[in-house]
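Hi,

Here is the structure I promised to pass on. Have a look at it first, and then read my notes below.

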Amino acid sequence: MTVTANISTTAVVGSGYMGGGIAQVLALGGHPVRLADIDRETAERARIRLIRQAEDFEARGLMPVGAADTIGKNLSAADSIEDAVVGADYIAEAAPETLRVKLDILQRISQSARIDAIIGTNTSAIPIGELAAAVVNPERFLGVHWMNPAPFIPGVELIPGPNTAPEAIDVAEALIVKSGKIPARVADTPGFVANRLQFALYKEAMRIVEEGTATPAQIDAVVSNSFGFRLALFGPFAIGDMAGLDVYEAAYRTLETAYGDRFSPPESLTRIIKNGDLGLKSGRGILDIDAAETEALLAYRDHAYARLSQLRVELGKAPGL
Ligand SMILES: NC(=O)c1ccc[n+]([C@@H]2O[C@H](COP(=O)([O-])OP(=O)(O)OC[C@H]3O[C@@H](n4cnc5c(N)ncnc54)[C@H](O)[C@@H]3O)[C@@H](O)[C@H]2O)c1
């Protein structure tokens, strides 16, 4: 089966929080977007809300001049899912995160859409292989996982299912790049990469609260002012290589003694350390960082952290927190 090579017209099924944001991005990128929800009235209310919101974004300089007009011209409300997807090249599914609901909706989408139309689900954690069972021609189906709020968060995970055609991933990736986003292809496992990590952190944070060690507000302050601050610029492996992997291993040993197996040092970390690879300080760590770039990387890091600190001062305290 071949999939469409060019995406012009699009549909978004589920016009809530995520579907609304995805629709704004696609419409701003010049794609006609047909919005579908449980009924026409709901889709129409979403269309009006999304245009008003885009006007506000534009007025605050968060979207370019003319953005709301472009979005308004490209957005339309459909009578039904079938009506929305019938002529679309690309369909984003952003319905509630309930397996039964998604299976039903994906079946309806794939029965009514063109046979070569690409279908991307925005599921947060359900494996694509499980959802693909409901899709007619699953070769054109994949996970396209946007982050919230979609207009402003750069990353989008692309998750091929067991039957996804390579061309479908390529075309979806091109759409994401054209939309100004940064795609990452990841494997089809529950929670993919972003949510598996995010939810691991959330669970441990909740545990700290339950133990009475810190309050939610204290934990949020610690995270956003310390390692979470770094995460705006680097991932855990770059941070680990900069910190020193022997330090990580030693910390895991202490945590393992206190909290048990869930904090035992990862075997691959212990192996790397035994090899003498401790990160930047030994010239080699987990990432393949060019040793000749070490000084430049650290200079960049310091500059970026200082600028990020300044930006946070400029932005001020988040209201309500
Ligand atoms: N909220 C987030 O932070 C976030 C981030 C990334 C991914 N996601 C995922 O995106 C998807 C949507 O989440 P959301 O937060 O936008 O939810 P939401 O509740 O804001 O939106 C869901 C929309 O789907 C509509 N809907 C419900 N049943 C429908 C049906 N049978 N046919 C058509 N439309 C129907 C609802 O009326 C609603 O407008 C979920 O899979 C979620 O896991 C959410």
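How far apart do the C-alpha centres of domain 1 and domain 2 lie? They are 36 Å apart. Domain 1 covers 10-185 and domain 2 covers 226-315, with bounds that come from an automatic or database domain assignment.

Before you go further, two housekeeping points. Residues are numbered from 1 along each chain as its sequence is written. This is a predicted model, in which local features need pLDDT of at least 70 and side-chain atom pairs count only at pLDDT 80 or more, while totals for chains, interfaces and linings use all residues.

On confidence, the chain averages a pLDDT of 97 (the predictor's confidence in each residue, from 0 to 100). 100% of the residues score at least 70. For the complex, the predictor gives an ipTM of 0.99 and a pTM of 0.96.

Now the overall picture. The chain has 14 helices and eight strands; these are DSSP runs numbered from the N terminus, with helices being H or I of at least four residues and strands being E of at least two. The C-alpha trace spans about 60 × 45 × 45 Å along its principal axes. Of the 321 residues, 31% count as buried. By that I mean 20 or more other C-beta atoms within 10 Å of the residue's own; exposed is 12 or fewer, partly exposed is in between, and C-beta atoms are placed from the backbone. Taking the contacts with a separation of 6 or more, 64% are between residues 24 or more positions apart. A contact here is two C-beta atoms, placed from the backbone, within 7 Å.

The UniProt record (an unreviewed entry) has an annotation, "domain: 3-hydroxyacyl-CoA dehydrogenase NAD binding", over residues 10-188. UniProt positions are in the numbering used here, feature names are shortened, and annotations may be inferred rather than shown by experiment. That span is 43% helix and 20% strand, and its end C-alpha atoms lie 24 Å apart.

Next, the ligand. It is surrounded by 23 residues, and the closest are Gly14, Gly16, Met18, Glu97 and Asn148. A residue is near the molecule if its C-beta atom, placed from the backbone, lies within 6 Å of it. Helices α1 (17-28) and α5 (99-112) each supply at least two residues of this shell, and α1 gives the most, with three.

The unreviewed UniProt entry also lists "binding site" positions, among them Gly14, Gly16, Asp37, Glu97, Asn148 and Lys281. Gly14 is buried because 28 other C-beta atoms lie within 10 Å, whereas Gly16, with 14, is partly exposed. Leaving out residues up to four places away in sequence, Gly14 touches Gly19, Asp37, Glu93, Ala94 and Ala95.

Then there is strand β6 (residues 141-146), where six of the six residues are buried. Phe141, Gly143 and His145 are on one side, and Leu142, Val144 and Trp146 are on the other. Strand β5 (residues 118-121) runs parallel to β6, joined by three bridges, with Ile119 opposite Phe141. Strand β7 (residues 155-160) pairs with β6 in the antiparallel sense over five bridges, and there Leu142 stands opposite Pro160. Strands count as paired if DSSP finds at least two bridges between them.

Asn148 and Pro149 are joined by a cis peptide bond, with omega about 0°, and Pro149 is in the loop between β6 and β7. Asn137 is not a glycine but has a positive phi of about 60°; its place is the loop between α6 (128-132) and β6. Phe192, in the loop between β8 (182-185) and α8 (194-211), also has a positive phi, near 55°. Phe192 counts as buried, with 23 C-beta neighbours inside 10 Å, while Asn137 is partly exposed, with 18.

Cheers
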